Every structure is written in structure tokens, then in C-alpha cells.
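Here is a short tour of one protein chain, written for someone who likes to know what sits next to what. Keep the viewer open as you read.

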Amino acid sequence: MFRLVIQAPEISTQNLKQLARLSGAHSIEAIHQQAFRLQGADISNEEAVADFCESNQLDFAFIPEDTSVRDIGLVVMDMDSTLITIECIDEIADMQGIKSQVSEITASAMRGEIEFKESLSRRVALLAGLDESALERVYTERLKLMPGAEAMLKGFHAAGAKTLLISGGFSFFTEKLQSRLGLSRTIANVLEIENGKLTGKVLGDIVDAERKQAELIKYREELGLRSDQVVAMGDGANDLPMLKAAGFGVACHAKPLVQREAPYCINQVGLDGVLNYFI
């Protein structure tokens, strides 16, 4: 059997009772004010539950009843617009006065309209000549963690899980976040800098969708874990292979394509909503 986890800023008792009827759950338990678990839910009624939750702006997830947070050994995250609220490359471009031009390419790539490697190369090329101090300004002035990020990480770390931040963005930011948040491992693209200025190139192979999936599998095998002991979170088309390789792949405030194809979705609550699946 499954527990059905329901989350939103406000959840009425009436909606919870209706979801219990739709799912066949035998009890309703509060996780906290914005999250409830319905025990004994039948996943065969998922379509009806999904329709009801969409109509009432509720996040839902069917989680095997015997799964707890201590069963999760690895949490893998995208960075831009997932762990943090911004797209770093768009904000760097703003320092160059070309944010709208770069944002348009970013959005198209995240919707899956442009191949990611091509889109990143095109965007980074537009940054040529920018002073490297712009990176520090983006980090200090604009980068903010997604709501619930610290609580989510604290909960998984306390339960013993390793964490991997893997990004099609840049190592300048992932390394700072690793130190700040105590992340186990980070992987990202490295911007080439010469004489204190961006050259418009990336050093080495670009971190794309296939690399994200491969690194998740590599770390999972290194830790001796099963797929159902891995959580992955992302928002863009280049995250989908990674989300599908995890036992619990969560689209977090994601693009429509990603929401359609990801196994789980979070839209109404913060990243701590992913932790609530398992507690």
C-alpha cells in the first residue's frame, strides 16, 4: 500500500476527506499545517487524485508506506531554478546588459526546444569580455536559495544521505554552495577566465542531460544503493533523464514538459516538500 502525501499553503479538511475517499485511504495524519499523509492509499486511483489536486492547487505524491527518510541514501539536485531561485547565466548576462537575449535562449533550452550543449555555448559566447568580478556580484547580490532548501537538506543530511549538486551552470557557484550547505559533491561547468575576464568559452566537456544521468548512476553505484534509495530534483528538460533514473524524481516548479514527464511534481510548496514525502 501507499501513503498519499498532500501539500499546499492551505489545505481544507473537506479536500482531505474527498482525497481519502478517492484514494481509499483509511486515515489522515498531519505532518504539519501545510502537509498531510493519507495512509493506505490505492495508487490505482492516481488519475482521479491527480485531477482533483490540479483543480484545487494541491501537490500530491504516492509513496510506498514502508519507505522512510533513512532509506534515502542519495539526493541529487539541479542548481539553477531548483536549489536556487535564479538562472545564474541570465544574471551574469545582466551585468553585460544582455539579459533578455540570454534569457530567451535559456528558456528555450529548458523547454527542450534547443539542444542544451548548443544553447550553453551560444550563451557563454555572449559573455566574452565580462570582468570575472561579475560572478561574485551575482552570488552576493542576487543568488537566493529556493524556499525550503535548507530544511530539506538538513533533514536528508541528518538521516545520513549524501548530496550531489550537478548543474549545467557554473562551478563558481556550485563550489560556494557546497561550502555553505555542506553538500557531499558538486559538478558543474567551468568558465574559462583569462586576465580577469571571461573568454566566452567553457573548459572541458559541458555538463548536459546525459552527464547528469551518468553522474547520478555513478554515485549511486559507488554508494551501493538501489534506485529506490535515490531522490533527484530538477526543473528543466536537461534534468529529465536524471529524474527518471532516480527512484523518486521530482520536478520542482518545473517547465510544463518536465512536469508532464517527471514521476513526481512540487508546485505549491518549497523544497522541504520533498523531505515530507518520507517523514
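## A hairpin of two strands

In this predicted model, two residues make the hairpin link from β2 to β3. Strand β2 covers residues 27–32 and strand β3 covers residues 35–41, and the two pair in the antiparallel sense through five bridges. To find the pairing on screen, pick Ile28: its bridge partner in β3 is Leu38.

## The nonpolar cores

The largest nonpolar core has 63 residues, and those that touch the most other members are Phe156, Phe173 and Met233. With five residues, helix α4 (residues 88–95) gives the most to this core.

Setting aside neighbours within four places in sequence, Phe173 is in contact with Met79, Cys88, Ile92, Leu135, Val138, Tyr139 and Leu143. Another core lies apart from the largest one; it has 21 residues, including Leu74, Ile187, Ala245 and Ala254.

## The largest pocket

Now for the open space. The largest pocket holds about 460 Å³. It is lined by 21 residues, of which Ala50, Phe60, Gln259, Cys265 and Asn267 are the closest to its centre.

Which elements each supply at least two residues of this lining? They are α2 (46–55), β4 (59–64), α12 (256–261) and β11 (264–266). Helix α2 provides the largest share, with six residues. Sorted by class, the lining of the largest pocket is made up of eleven nonpolar, six charged and four polar residues.

Technical notes
Residues are numbered from 1 along each chain as its sequence is written. This is a predicted model: local features need pLDDT of at least 70, side-chain atom pairs count only at pLDDT 80 or more; totals for chains, interfaces and linings use all residues. Side-chain values use heavy atoms; hydrogens and water are left out. Two strands pair if DSSP finds at least two bridges between them. Helices (H or I, at least four residues) and strands (E, at least two) are DSSP runs, numbered from the N terminus. A nonpolar core is a set of buried Ala, Val, Leu, Ile, Met, Phe, Trp, Tyr and Cys residues joined through side-chain atoms within 4.5 Å. Buried means under 20% relative accessible area, exposed over 50%, partly exposed in between (1.4 Å probe, protein chains only). Contact means heavy atoms within 4.5 Å. On a 1 Å grid over the protein atoms alone, a cavity is a set of points where a 1.4 Å probe fits but cannot get out, and a pocket is an open set with protein on both sides within 12 Å along at least five of seven lines; lining residues have an atom within 4 Å of a point. Grid points are joined across faces, edges and corners, and a volume is the space filled by probe spheres set on the points. Ala, Val, Leu, Ile, Met, Phe, Trp, Tyr, Cys and Pro count as nonpolar, Asp, Glu, Lys and Arg as charged, and the others, Gly among them, as polar.
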